[in-house]
Protein chains: 2
Amino acid sequence: MKLYDGAWAPSPRRVRIYLAEKRIYVERVVIDLKQGEHLTPAFVGINPQRQLPALLLDDGTLLDDSLAICRYFEALQPDPPLFGTDPREIGLVEAWLRRIEHDCFQAVALAFRNRVPAFAGRALSGQWPRIEQIPDLVERGRSMWSAFIELFDAHLTRQSYVAGEAFTMADIAALVAIDFGIDTRLPDPRERHAALARWHAAVSSRPSAAA
Amino acid sequence: MKLYDGAWAPSPRRVRIYLAEKRIYVERVVIDLKQGEHLTPAFVGINPQRQLPALLLDDGTLLDDSLAICRYFEALQPDPPLFGTDPREIGLVEAWLRRIEHDCFQAVALAFRNRVPAFAGRALSGQWPRIEQIPDLVERGRSMWSAFIELFDAHLTRQSYVAGEAFTMADIAALVAIDFGIDTRLPDPRERHAALARWHAAVSSRPSAAA
C-alpha cells in the first residue's frame, strides 16, 4: 500500500491528520504540486484525476479521494472512532462533513482558483477540459465564506466539537477548510468569533494538526 | 421519527430510493417545494437550512442532509449493505459518492440554478444571503456534465455497477444526478453512451427507482 501525498494543499492534509489521530503508518510518496509533478505523465498514469491524495492498494485499486481513504482505514481499524459511534452521531458527522465541503471548502476553492493567475484555464481541480476562471465567483466564494463562518461560530457556542462533545473527522475537515481560507487570504474568522477561535485553538493544539 | 420529504427535487429522491432498497418505513411529511413551503416560517423553524430532505429524530436532533440520513439508517439496519461490505468497497463507494456529487450533481445544479429565472438571487440551495446568478456558470456546468458523462460511460464498460459488481448507494446517487440533468434539459447521455445506457436501464428497472 502506498499513499501519494503532497505538501501545502488541503486535501492531503485531511488524510495526514486523520492518520496521525489513528496512529496509522503508511508508506508515502510526496508529489511536488508547486512544480506541477501531479500533471506529469508519470503521475497521471497512476492517478488520471491528477489530484492528491491517492492511496494505491496492493491489489492495484486506487482510492483517489481524501474521505474515501479515511473511510477505508476506518473500516480496517475502527479505533479510535472518528466517523461517529452510534447512528445519530454517524449521521451528524456525515451531515457536517458535507456541509463543510459544500459551504466552506468549496467557498475557499471558488475564491482562490478563480482569482490566482496560476489557475487560468484550470479553475476546477482535477481532470477537466479547459475551465476558465469566472471573476464573479471570487465574490460568491467570499459571501459563502462569511455566511458559513457566522453559522459555524453560532454552532460552536453550543458544543465543544463540530458533531458534539467528541473530536471527529468533521473537526479535521473544518480545520483544514478554515486554515485553507486563512492561508489564501480570506478574512481570518478568529478575530471576531470567540467560539470558533476557542474551537480552532483546541483542534490546532492536538499533535495531529502538524502532521 | 419523521422524514420531511419533497416531490420532484433530487435530494429527497436519494433518500426515498435508499429506504425502498432497505425496506425501511418512516413517517413522512411532504413539503411542497413548488409552492415555496420550504421557505415559510413554519418549515424554517424546523430546518433553518430550508432544504429537503430532513429527518427529525425523537430526541429532537435534525439530520438535514440526504447522505447523513442514509448513513444514519445504515448504522441502524446494516442489511442489505449499501455503503460497501469491506474496506476496499467502502472506500470505493465513498470516492464515487464524492465524485458524483462534485462532478455531476453540482454540474447540473450550476447549469440549472444559474439559468432559471425562478432562482434569481437564490443561485445556491440552502440558507444564504442573496446569491446572484452567474450566466457563465451555465456553460461551466454543461462542460462538467459532458466530461463527467464521458468518464462515467468509460468506467461502466468495465463493471456492472458504479463501485463494482454490487448495487450500492453510489448507483442511487448517480441515477438521481443523471436524471436531474436529463429533467433539466442537459443532453441525454443515453443516446450515445452504450455502457451508461445499459447501467441506467438496469438501475431504473429496480422497483426502488420509482419511490
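Tutor: Start with the names: helices (H or I, at least four residues) and strands (E, at least two) are DSSP runs, numbered from the N terminus. Trp8(A), for instance, sits in the loop between strand S1 (2-5) and helix H1 (10-22) of chain A. Keep in mind that this is a predicted model, where local features need pLDDT of at least 70, side-chain atom pairs count only at pLDDT 80 or more, and totals for chains, interfaces and linings use all residues. Residues are numbered from 1 along each chain as its sequence is written, and chains are lettered from A and ligands numbered from 1 in the order in which they are written.

Student: Why is Trp8(A) called exposed?
Tutor: Count the other C-beta atoms within 10 Å of its own, placed from the backbone: 20 or more means buried, 12 or fewer exposed, and in between partly exposed. Trp8(A) has 11, so exposed it is.

Student: And what makes Arg50(A) buried?
Tutor: Arg50(A) has 20 other C-beta atoms within 10 Å, so it counts as buried. Arg50(A) is in the loop between H2 and S3 of chain A.

Student: What is phi of Trp8(A) near?
Tutor: It's near 75 degrees, a positive value in a residue other than glycine. Arg50(A) has a positive phi too, near 60 degrees. Most residues other than glycine have a negative phi.

Student: How do you know that the peptide bond from Leu52(A) to Pro53(A) is cis?
Tutor: Its omega is near 0 degrees. The bond from Asp79(A) to Pro80(A) is also cis, with omega near -10 degrees.

Student: Why are H3(A) and H4(B) called roughly antiparallel?
Tutor: The angle between N-to-C directions runs from 0 to 180 degrees, with axes fitted to C-alpha atoms, for helices over the stretch in contact. Under 35 degrees is roughly parallel, over 145 roughly antiparallel, 65 to 115 roughly perpendicular, and the rest oblique. Helix H3 (residues 66-76) of chain A and helix H4 (residues 87-113) of chain B pack at about 155 degrees, with axes 8 Å apart. The pair is therefore roughly antiparallel.

Student: What makes S2 and S4 of chain A edge strands?
Tutor: Two strands pair if DSSP finds at least two bridges between them. The open sheet of four strands runs S2-S1-S3-S4 (chain A), with mixed pairing. Strand S2 (28-30) and strand S4 (62-63) each pair on one side only.

Student: How many bridges join S3(A) and S4(A)?
Tutor: Two, in the antiparallel sense. Leu55(A) has Leu63(A) in S4(A) as its bridge partner.
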